[in-house]
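Here is a colleague's note to read beside the structure, written as numbered points. Please keep the view open as you go through them.

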Amino acid sequence: MTKSIRPLLAGNWKMNGTRASLDQIKAIADGVKAPLSEKIDTLLCPPATLLYVATALCDDSPLAIGAQDCHQQVSGAHTGDISAEMVADCFGTHVIVGHSERRRNHAESDMLVRAKAQAAHDAELVAIVCIGETADERNSGQTLDVLKRQLVGSIPDGSTAQTTVIAYEPVWAIGTGVVPTQEDVEEAHAFIRAELIQRFGKEGAHMRILYGGSVSGSNAGDLLGVAHVNGVLVGGQSLKATDFLAIYAAFERQFA
Ligand SMILES: O=C(CO)COP(=O)(O)O
């Protein structure tokens with residue numbers, strides 16, 4: 001069953017965090033301990049400015065470090081961008097691509113997100129490909145159509161369960177404190193699973209599908225109980241070690 005998929009607890013710091021926040025990264029790295037760390041993966045994606053020092057801080061911890069975006073090309077005249085190779089060079093192991101904030105604020109298309117995921121794969125990084133509908137799309141009954149279009153458009157051919165994670169993040173649930181019902185999460189995740197299996201076969205059956213949007217220590221347990229939820233992608237509640245570790249404790253109750 002898909003519950004045998006190794007769960008992932010991932011944090012996305014977005015445009016938050018300076019050197020003063022390094023003590024939080026250290027506290028998270030120290031708090032991610034055995035025995036649970038032998039059963040689940042943990043990941044933190046700080047801003048690019050902290051990547052290199054964060055990976056050094058996590059040297060003795062199972063906590064992996066990733067980036068929040070990468071350019072689709074390896075190098076060149078792209079002022080302000082970072083490449084997947086640069087992330088790997090800082091010992092990052094993952095990169096988030098296609099977050100709704102980038103799709104919206106930087107007009108990123110499915111095709112561009114796919115190219116970024118491919119760049120991540122080429123640099124031997126795991127791509128966390130984000131998808132999710134807006135409130136308007138949900139209210140007009142288009143949720144599954146949107147998810148299908150984003151899945152088809154944003155995930156490169158040849159993706160595997162090792163190289164690719166899907167994050168379902170309903171846009172209206174991000175940063176709002178509003179979480180979809182368990183039925184809604186289950187419907188979306190089951191749909192995504194079916195689409196992944198149809199396209200990628202056995203690999204699709206084993207790809208991790210994360211839920212993201214207002215996840216906290218108090219709702220993580222319920223979310224993790226939903227079929228085809230193989231972990232969470234956490235924004236606001238990943239910034240402070242105590243909040244992140246409260247979610248880690250919810251994983252402990254579920255998977256230890
Ligand atoms: O966008 C998110 C993670 O990528 C979710 O953010 P919040 O957990 O703050 O709602």
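1. In this predicted model, helix 7 and helix 8 pass one another in a right-handed crossing. Two packed helices are described by the angle between their axes and the distance between those axes. Here the axes of helix 7, residues 143–154, and helix 8, residues 182–200, come within 11 Å and cross at roughly 35°.

2. Which residues make the contact between helix 7 and helix 8? On the side of helix 7 they are Thr143, Leu144, Leu147, Lys148 and Leu151, while helix 8 contributes Ala188, Phe191, Ile192 and Glu195.

3. Turning to the protein as a whole, its secondary structure consists of eleven helices and eight strands. Its radius of gyration is 17 Å, close to the 18 Å that the globule rule gives for 256 residues, so the protein is as compact as a globular protein of that length. The C-alpha trace spans about 45 × 45 × 35 Å along its principal axes.

4. Of the 256 residues of the protein, 46% count as buried.

5. Finally, please look at the ligand, which is surrounded by 14 residues, the closest being Asn12, Ile174, Ser214, Gly235 and Gly236. The shell around the ligand divides into nine polar residues, four nonpolar ones and one that is charged.

Note on methods
Residues numbered from 1 in each chain as written. Predicted model: local features only at pLDDT ≥ 70, side-chain atom pairs only at ≥ 80, totals over all residues. Near = placed C-beta within 6 Å. Nonpolar A, V, L, I, M, F, W, Y, C, P; charged D, E, K, R; others polar. Axes fitted to C-alpha atoms, helices over the stretch in contact; angles between N-to-C directions. Helix = DSSP H or I, 4+ residues; strand = E, 2+ residues; numbered from the N terminus. Left-handed = near helix turned anticlockwise from the far one by under 90°. Contact = placed C-beta atoms within 7 Å. Rg over C-alpha atoms; globule rule 2.2 N^0.38 Å. Buried ≥ 20, exposed ≤ 12 C-beta atoms within 10 Å, placed from the backbone.
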